[in-house]
Amino acid sequence: MKQQFINGQFIDAIDKQTFEVLNPATEEVVSLVSFGNDKDCLLAIDAAQTAFAAWSKTTPYQRAEILKKAANNIRENIDAIAHTMVLESGKPLPEAKGEIGVAANLFEWYAEEAKRSYGKVIPTNRVDKRSSVICQPMGVIGIITAWNFPAYNPARAWAAALAAGCTVVAKPAEDTPLTAYHLAETLVNAGLPNGVLNLVLGNAPAIGQAMLNHPHLKKISFTGSTRVGKLLMDGASKKHTKLSLELGGNAPVLIFDDVDVDAVAKAAAISRFRNNGQVCTSAQRFYVHKNIFEEFKILITKYVSALKVGNGFEDGVNVGPLITKKQQESVLALLEKAKAEGAEILTGGNIPTKFSKGYFLQPCVVAGLTQASALAQNEIFGPVLPLFSFEDLDDAIAKANDTEYGLASYIFTNNLKTATLASERLEFGIVGINEWAPHGTESPFGGWKQSGQGHESGSEGLFEYLEKKLISVGLSL
Ligand code: NAD
């Protein structure tokens, strides 16, 4: 049983409610967790507000000592944390370990970067005046995160906010909260003072509303769907709560006819189905040049058919279960729509019969779709790879940009001119050229259009949690 973590204490939810975290591969209960609501959230905000007074006055060097210890604790406990992550998320063990390594790197990187939260001195146009800008921690931050990266999503925002000198009320996702508890424990063991990080779980709309209503909660960092991001934007006007929003994606992949088709198809089959396609930056819409379309179609179908589906603990498994029955149904519904639109299913798309339990779905490749198709216009968040063809650069760019989303995009070509022009014309916050993981701890990560606002990671991520203050000194009196 996991309780709420407020002011350094593990306590039951005020209304004593609990919920079950399920293993999506077996449908067994992994743990009971306290199910809190707005009342628990208010308690956590009060604790964070009290703790802010002292934490915001520590130096970045003092905070760095704790955050670096936490990074090391995470590395030392990687096996236990990865075990928990596979149980609650279903992802393959090597993916879980890779993600936890990145979470540790985030704590270490922000521990160092906060030492560089520089302001500036501004030359003025008067001899009797001096101007400077300093950066100060914003205050209490609400951090609401999605289930799909149970360590990375919280770590990315927690590390930056804590390093900046803010205190945190975190609400991890109810589907995968247990990994977040491990992270919180590593921070506590590293010496994080009481109240600096608090964990509340339960009724998400009530907790979100309590954050938006509270004058002491200065910002919400939200990682999740565009739908909930919009709800938070509506609610944020009441108390002028600031927002960082990392929302949904629908990434296009442009594959030009000068590439090594086999190599790109082989890597695409791994990239698209990482975490079962449940990744905001997941390469989703595959636009392939008409000259290589048929060849690519045959190769990608071959490689996707060979992917091994199973429990994330099994050796050699590439693809685990989807996170919930609801998610499985949502992907199946999109596939039904595609079939009704005349789509050709080249492989997969069925529930594999070898599993009596779990939310598995056979990795799927689909062709014969138009731009208007549900599989082109929606974020699929599942193991489906839709194929489209394009005529030339203009056609590819027009199709790629034809979406309300603007998070990640991908280009594969060996032609420098094509890569340069395409990257400049794509309306996305992230462009990967000849690579499938265009992000890093040290680089800004953020979406255009309805994929979000603000940035996480990199120095940009730190400044999301710092306020700028102009200090103007008159010298004439
Ligand atoms: P979701 O929006 O349903 O939930 C995200 C979080 O918001 C969860 O903690 C949930 O409990 C909480 N929540 C739900 N309703 C709320 C409300 N009314 N008020 C406040 N909080 C509320 O998203 P999900 O299904 O968990 O995650 C998948 C989505 O997240 C996808 O769209 C994916 O692209 C996106 N995502 C984006 C990024 C990014 O960095 N851009 C990273 C990971 C996931």
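**The ligand and its surroundings**

A nitrogen atom of the ligand is placed 2.8 Å from a polar backbone atom of Leu247 in this predicted model. The space that the ligand takes up is the largest pocket, and because domain 1 (4–247 + 451–472) and domain 2 (251–441) both give residues to the shell around the ligand, it lies between them.

**Polar side chains at the ligand**
- Arg156 has a polar side-chain atom that lies 2.8 Å from an oxygen atom of the ligand.
- Lys171 likewise places a polar side-chain atom 3.0 Å from an oxygen atom of the ligand.

**Residues of the shell**
- The ligand is surrounded by 29 residues, of which the closest are Thr145, Arg156, Ser225, Leu247 and Glu379.

**Secondary structure around the ligand**
- Two or more residues of the shell come from each of the elements α5 (152–164), α7 (204–213), β10 (217–223) and α8 (226–235).
- Among these elements, α7 provides the largest share of the shell around the ligand, namely three residues.

Methods:
Residues are numbered from 1 along each chain as its sequence is written. This is a predicted model: local features need pLDDT of at least 70, side-chain atom pairs count only at pLDDT 80 or more; totals for chains, interfaces and linings use all residues. Side-chain values use heavy atoms; hydrogens and water are left out. A residue is near a molecule or strand if one of its heavy atoms lies within 4 Å of it. A polar contact is a pair of N or O atoms within 3.5 Å; within protein, one must be able to donate a hydrogen and the other to accept it, and residues adjacent in sequence count only if both atoms are side-chain atoms. On a 1 Å grid over the protein atoms alone, a cavity is a set of points where a 1.4 Å probe fits but cannot get out, and a pocket is an open set with protein on both sides within 12 Å along at least five of seven lines; lining residues have an atom within 4 Å of a point. A molecule sits in a cavity or pocket if more than half of its atoms lie within 2 Å of its grid points. Helices (H or I, at least four residues) and strands (E, at least two) are DSSP runs, numbered from the N terminus. Domain bounds come from an automatic or database domain assignment.
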